[in-house]
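Visitor: Could you take me through one part of this model slowly? I'd like a close look at the place where the first ligand sits, and at whatever lies around it.

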Amino acid sequence: MISLEIRIARRLCASSSIVRLPPKRSFSSLPPISSTSSSSSTAPCSEKPRPLIALGIETSCDDTCAAVVTSDRRILSEVLRTQHHLHEPMGGIVPKLAHHAHMRNLPAVVQEAIQKADLGERGIQAIDLIAVTRGPGLAHSLGVGLNAAKTLAAALNKPLIGVHHMEAHALTARLTSQDPHLLTDQSSDNKVAAAAEPSSAPSHWTRADHNKRLAGSDPYPAFPFLTLLVSGGHTMLLIAHSVDRYTTLATTVDDSIGDAFDKSARELQIPWLAGRAGGPGASLEEFAKGSKNPERYLDQLPIPMSLRNNKREMKFSFAGLKAAVTRIVKQETQEAELAGAARGLHPNEIEFMDIERRRDLAAGFQHCAVTHLGQKVAQGLEHCREQGLDISSLVISGGVGRNATVRSTMEQVCAAPMRQEKKSSHQQKQKQKQQQQQPTLPKKVIQVICPPPKLCTDNAVMIAWTGIERFQLGLVDPYDIDIVPKWPLDMLGTGVVPE
Ligand code: KG4
Ligand code: ZN
């Protein structure tokens, strides 16, 4: 297999038209070829090229992020300023607060990311490209990041890559996953066993571990793969055919799964966990772990899109489930108030719903939401098989992808045999005959791949990496691009960007 570095070197050395750049633009610092990242001298093309270095900036929602990543899969730095402390008291993200916090924080975040990347004498000049989230997201927040990136790119004469936030979530796995076939033991039996291993990064994942394990290896998984993007703004099941080309199999008809987690956490008055692993969804997951009777409310909570009339539809829906949680909380509150009043308690002394019941409701909600995801993923896999698409993996990403129940449920779905098509007895006999004539092949393994939890939520590492993947295909943007707050992922690659 040709290594990534060599492929880049070939591209950089091959001709003067390194990338499909917009007319009248040339980047004096390209190609940045030298034997080591610290050397600034230009070297002949026969020397080992140094990898590309990308600065990524992400400000689409409520975290201000910058990171420096290389094309040989090293994460040189990552800086993230969370805004949880601003939004938690308001019960959710307030766009105006997010906008102002990005304006205050971004300069220092970018400065720190550059310093921590330790780019040697050349400092920021060693950066080969600047990638930034262009959309979808909160308009004003996106504007802060995009303006900063455009100005930096123009001032430094570097290529600019405007990244689709959801493409970045989908491609994160190609930075963080290891090809199981390249694990130490290469005997064919072990290869099959290795392929069955989940390639999810361990929860204690660190940047240093990542760099030690993956530096220099090729991106994995290869295209095409199925991807489940579950975040605060989206719930999507997609086929990733290649960088820049996606087909949506299912999306939500109402709310996103992240929104359902967030609103349910609020209804249940669950305090947010602090820090990067925090937020309402993560807090609900943690809270539900304490449930002693997770089945208590299951007969009152619907599993969305699972009735006979809509079961086969490739759609997600969370509004009904969310409404059911609200209804149960209201009902329980009224009952608690009546019982309290009967005991002569003052309204202030009455707990709106006792903690055991709240934990059970949180667990019931999570079960129904995740079962719904699993059912649609199973249908998606079946669809790919019927279309003859050779899908080998399911990549889960987006903030809700941190959730352990989501991960384990998808492992089960991908390990389950496909639904048997109904066949006539003649067809069955024919199939049996064919099977007897063929050698037994190992069962097709659909690998579940999850980026490390830290990189499932919004971050700039994924933006920098997507910038590299796009740059390598010549997908560079002009300096006058605008934000795209609403941007269907299927539109990538069509050349059309919504106004
Ligand atoms: O991808 P992300 O960081 O931002 C968006 O692009 O929306 O996703 C944020 C969403 C929020 O709704 C958050 O509550 C949810 O992901 N989330 C979780 C967990 N961690 C974050 N939901 C369920 N379980 C978690 N552990
Ligand atoms: Zn996101």
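Guide: Ligand 1 takes up the space of the largest pocket. A pocket here is found on a 1 Å grid over the protein atoms alone: an open set of points where a 1.4 Å probe fits, with protein on both sides within 12 Å along at least five of seven lines. A molecule sits in a pocket if more than half of its atoms lie within 2 Å of its grid points. Keep in mind that this is a predicted model, where local features need pLDDT of at least 70 and side-chain atom pairs count only at pLDDT 80 or more, while totals for chains, interfaces and linings use all residues. Residues are numbered from 1 along each chain as its sequence is written, chains are lettered from A and ligands numbered from 1 in the order in which they are written, and side-chain values use heavy atoms, with hydrogens and water left out.

So who's around the ligand? There are 18 residues around ligand 1, and Gly232, Asp262, Gly281, Glu285 and Asp458 come nearest (near meaning that a heavy atom lies within 4 Å). Sorted by class, that shell has eleven polar, four charged and three nonpolar residues. In this sorting, Ala, Val, Leu, Ile, Met, Phe, Trp, Tyr, Cys and Pro are nonpolar, Asp, Glu, Lys and Arg are charged, and the others, Gly among them, are polar. Helix 5 (165–176), helix 8 (257–267) and helix 9 (280–288) each give at least two residues to the shell; helices are DSSP runs of H or I with at least four residues, numbered from the N terminus.

Now zoom in on the polar contacts, pairs of N or O atoms within 3.5 Å. The side chain of Asp262 has an N or O atom 2.6 Å from an oxygen atom of ligand 1. A polar backbone atom of Asp458 is 3.0 Å from an oxygen atom of the ligand, and a polar side-chain atom of His165 is 3.3 Å from one. On its own, ligand 1 exposes 550 Å², and the protein buries 89% of that (accessible areas come from the Shrake-Rupley method with a 1.4 Å probe).

Two of those names come back at the zinc ion, ligand 2. Its protein donors are His165 (NE2), His169 (NE2) and Asp458 (OD), at 2.1 to 2.2 Å. Donors are N, O and S atoms within 2.8 Å of the metal (3.2 Å for Na, K and Ca), and water is not among the atoms, so sites may look incomplete. Along the chain, the zinc donors follow the spacing H-x3-H-x288-D. Both histidines, His165 and His169, belong to helix 5, where they are four residues apart, about one turn of the helix.

Note on methods:
Polar contact = N/O pair within 3.5 Å; in protein donor to acceptor, adjacent residues only side chain to side chain. 1 Å grid on protein atoms, 1.4 Å probe; cavity = no way out; pocket = protein on both sides within 12 Å on 5 of 7 lines; lining within 4 Å.
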